[in-house]
Amino acid sequence: MLDVCLAGTGGMMPLENRWLTCCWTEYQGDAILIDCGEGTQIALKKAGCKLSRLRLLLFTHFHADHTAGLPGLLLTVGNSGKTSPLTIVGPRGLRRVVEALMTIAPALTYPLELVELDASQPGSLDAAPLEISWLPLRHRVPCVGYRITLQRPPVFNPQKAQALAIPVQFYRRLHAGQAVELEDGRTIQPEQVLDGERAPIRVCYCTDTLPIPEIATFAQNADLMIGEGMYGDDEMREKLQEKTHSLFSDTARLAKQAGAQQLWLTHYSPALTDPQGCLDVARAIFPATTAAYDGIRTTLTGE
């Protein structure tokens, strides 16, 4: 199961009632955070996210509303008792940006590991047991979207195990894909007690971009797609083309093309005071659309 929370949903600047967009994903006590604008540590605490669990921080790009909260976040994470390494990933230039921001937070209780990626082409990195993939987006600066994938093991069939007289203590190893040797000399292969593959659980996060068709492919069959909704009114299209952002309707079409299970809209303009009031535009295209709000949370089971 993957727990997902949008602690903030705003773009450009934090408001009294809306923090800047950031996405928290947690699996078995380890957490991944996407983006870190001003005040992110406060938004995460208000949303109930345990900062000591943060393992990986992913930057989509280096505009201030996605990065300026880094020093405060890192210091707050240290105060939460973290001592294990934190890996920070982002487009080329990451090291320069992090080092500049760290001049006001030079002493941490844990080491940082920086990974720069090529934002001009798709790629992936291993964050076992999760896989992190990225897609180049179309923004004014190099920017990527992220997909988090959890591969699920096949279903263990205890009836098959009982028919083969396999002791219970071997069940976990077989379910993990390991062969076992029994006291009677038999070797049991995992496929003898498993019932086939299960679809992975996928979360796809793409903001600060024009609605390029590659996003629909990237988010194919996502359990949850999180995408940009700078404005709900299609009359803003020309303005957003210039600023390289997306409308509610743009992202809803991409979610429909992707065959996503559900869509959360986020990264609202400060001028958009009532995202819920614009939701009908998106739902007419993709009914499973939600106008996300700060602290929205779900647990994805793949069922």
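Predicted model: local features only at pLDDT ≥ 70, side-chain atom pairs only at ≥ 80, totals over all residues.
Student: Which residue of β8 is the bridge partner of Gly123?

Tutor: Strand β7 runs antiparallel to β8, which spans residues 130-136, and five bridges join the two. In β8, the bridge partner of Gly123 is Trp134.

Student: How many disulfides does the count give?

Tutor: A disulfide requires two cysteine sulfur atoms within 2.5 Å. The sulfur of Cys22 has its closest cysteine sulfur in Cys36, at 7.5 Å, which is too far for a bond. For Cys143 the closest cysteine sulfur is in Cys206, at 8.5 Å, again too far. The count of disulfides is zero.

Student: Is Thr207 buried or exposed?

Tutor: Thr207 lies in the loop between β12 and α7. Among the residues that Thr207 touches are His66, Leu137 and Cys143. Because a residue under 20% relative accessible area counts as buried, the value of 0% makes Thr207 buried.

Student: With which residue does the side chain of Arg53 meet in a salt bridge?

Tutor: Arg53 lies in the loop between α1 and β4, and its partner is in strand β2, 27 residues apart. The N to O distance is 2.5 Å, and the partner is Glu26.

Student: How far apart are the closest N and O atoms of Arg92 and Asp118?

Tutor: Arg92 is in the loop between β5 and α4 and Asp118 in the loop between β6 and β7, so the pair ties together parts that are 26 residues apart in sequence. Arg92 counts as exposed at 60% relative accessibility, while Asp118 is buried at 19%. The closest N and O atoms are apart by 3.8 Å.

Student: How many salt bridges does the structure hold?

Tutor: One of them joins the side chains of Lys160 and Asp195, at 2.8 Å from N to O. Others share partners and join Asp234, Arg237, Asp250 and Arg253 into one network. The number of salt bridges in the structure is seven.

Note on methods
Residues numbered from 1 in each chain as written. Heavy atoms only, no water. Pairing = 2+ DSSP bridges. Helix = DSSP H or I, 4+ residues; strand = E, 2+ residues; numbered from the N terminus. Buried < 20%, exposed > 50% of the residue type's maximum accessible area, 1.4 Å probe, protein only. Contact = heavy atoms within 4.5 Å. Salt bridge = Lys/Arg side-chain N within 4 Å of Asp/Glu carboxyl O. Lists of a residue's contacts leave out its neighbours within four places in sequence.
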